[in-house]
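Thanks for coming. I will take a few minutes to walk through one chain, and the model is on the screen.

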Amino acid sequence: MDSISNIDTAPEIKHNNTTMERMLDFIIALLPACVFGCILFGIRAAFVLLATVAGALISEFLWNKIRKQSLTIGDLTAAAIGLLLGMNLPSTFPIWLAAISGAFAIIVVKLLLGEIAGFALNPVITVRILLAAIFPRLMNNFIEPVSYMPVSSATPLVSETTPIFKNLFFGLHSGCIGETSSFLLLVGGLYLVLRRVINPIIPLCFVGTVALGTVIWGGNLEVSLFGGGLMLGAIFIATDSSISPKTKIGKLIFGVCCGIITFALRQFTPLPEGTAYAILGMNILYIVISKLDLLKIKGKTVEIFSVIGKKIKEVFTALTGFINEKIIKKIKFKFGRKNGS
């Protein structure tokens, strides 16, 4: 998506939409999964979503007033951050803490770190990881859909029983408010692609890499793809243009690396859900590389991920040419021997 923390349109996505229009598209894409989460987990889920949105909007409004700046809440960026953050929380999360979390995402991560310090971390994923570290019990206090009875398992990723595919794909299982229905998240993602708000390269490479690793490792593909926060993270967070490369080859590398890290964390660490850590890790890596930075080649600024991608392509092309040349020489040698005999 066009950055929810620092709007910066990727060069291959050409449109004249304003920030408000793009953020409105983003919110529209999230709404089906939000509404479904409120139906699935009850009215309290709606209160959590409203609290994070209110916290984000009020904090940005007060920031503008205190600093005597023009109001920026009208561009809907704060609303989008608040809504997406609420979708990353369980419906049992304390309302007051949800509001504070929304304010923290705006004041500390978006404004202080992003705009003032120039260290643009994604507000949603940063706050989610902080909350998981500080309040692990609150972040894993899920309820069973429809019955609203507390359950011990967080998501199907750590459940002893595997839900049937229909329940996994359409979201009839426990989890955070907005992450359960992969179907509705995919619908929202398709809407953003058609509206040219996001580029599909990162989500496709991200999800595809996790799927490939799961198949090779012999894991449960359905649970790996649809049982956690992979779809929400890959489609709506990893595509934030302030934390990801601008070129197509850069996006491809970024998505694949996110997928590799997610798969590795799920398989080889106690963390059942590696999506958030993978995105934040690549977010920080991208910032560090960008600071070091954008290389100068023949006087022109070139993105480092693009350079890496081109070098990989050159090596692959050279290797392919070498192998083909060896095969051709072998065929000619054999053919010559037959003619000689």
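I start with a term. A nonpolar core is a set of buried Ala, Val, Leu, Ile, Met, Phe, Trp, Tyr and Cys residues joined through side-chain atoms within 4.5 Å. Buried means under 20% relative accessible area, exposed means over 50%, and partly exposed is in between, with a 1.4 Å probe and protein chains only.

Next, the ground rules. What you see is a predicted model, where local features need pLDDT of at least 70 and side-chain atom pairs count only at pLDDT 80 or more, while totals for chains, interfaces and linings use all residues. Residues are numbered from 1 along each chain as its sequence is written, and side-chain values use heavy atoms, with hydrogens and water left out.

Now the overall picture. The chain has 14 helices and two strands. Those are DSSP runs, H or I with at least four residues for helices and E with at least two for strands, numbered from the N terminus. Of the 341 residues in the chain, 49% are buried. The accessible surface comes to about 16600 Å², and carbon and sulfur atoms hold 70% of that; these areas come from the Shrake-Rupley method with a 1.4 Å probe, and for residues only the protein chains shown count as cover. Among contacts with a separation of 6 or more, 71% join residues 24 or more positions apart, where contact means heavy atoms within 4.5 Å.

Back to the core. Which residues touch the most other members of the largest nonpolar core? They are Leu30, Leu84, Met87, Phe206, Leu225 and Phe236, in a core of 72 residues. Helix H1, residues 19-41, gives the most to this core, with nine residues. Take Met87 as a case: setting aside neighbours within four places in sequence, its contacts include Leu30, Ala33, Cys34, Leu49, Cys176, Ile177, Leu185 and Leu232.

Helix H2 covers residues 43-66, and its 24 residues should span 34 Å at 1.5 Å a residue; the end C-alpha atoms are 34 Å apart, so the two agree. The expected span is 1.5 Å times one less than the number of residues. Helix H12, residues 248-268, has 21 residues and reaches 30 Å from first C-alpha to last, close to the 30 Å expected. Buried residues in H12 include Gly250, Phe254, Cys258, Thr262 and Arg266.

H2 also has a part in the surface. Ile58, Phe61, Leu62, Ile66 and Leu71 make a nonpolar surface patch of about 490 Å². Patches are made of residues with over 30% relative accessible area and no salt bridge, like charges being joined within 9 Å and nonpolar side chains (Val, Leu, Ile, Met, Phe, Trp, Tyr) within 5 Å. Phe61 is in helix H2, and its relative accessibility of 31% is why Phe61 counts as partly exposed.

Most residues other than glycine have a negative phi. Lys68 sits in the loop between H2 and helix H3, residues 77-87, and is exposed, with a relative accessible area of 77%. Leu76 is in the loop between H2 and H3 too, with a positive phi of about 70°, but Leu76 is partly exposed at 22%.

Last, the salt bridges. How many does the structure hold? Three, each being a side-chain nitrogen of Lys or Arg within 4 Å of a carboxyl oxygen of Asp or Glu.

One joins Arg195 and Asp25 at 3.0 Å, N to O. Arg195 lies in the loop between helix H8 (182-194) and helix H9 (201-217) and Asp25 in helix H1, so the pair ties together parts that are 170 residues apart in sequence. Arg195 is partly exposed at 39%, whereas Asp25 is buried at 3%.

Another joins Lys110 and Glu60 at 3.5 Å, N to O. Lys110 is in helix H4, residues 95-116, and Glu60 is in helix H2, 50 residues apart. Lys110 is buried at 6% relative accessibility, and Glu60 is buried at 1%.

The remaining one pairs Arg128 with Glu179, their closest N and O atoms being 3.6 Å apart. Arg128 is in helix H5, residues 123-134, and Glu179 is in the loop between helix H7 (165-170) and H8, 51 residues apart. Both residues, Arg128 and Glu179, are buried.
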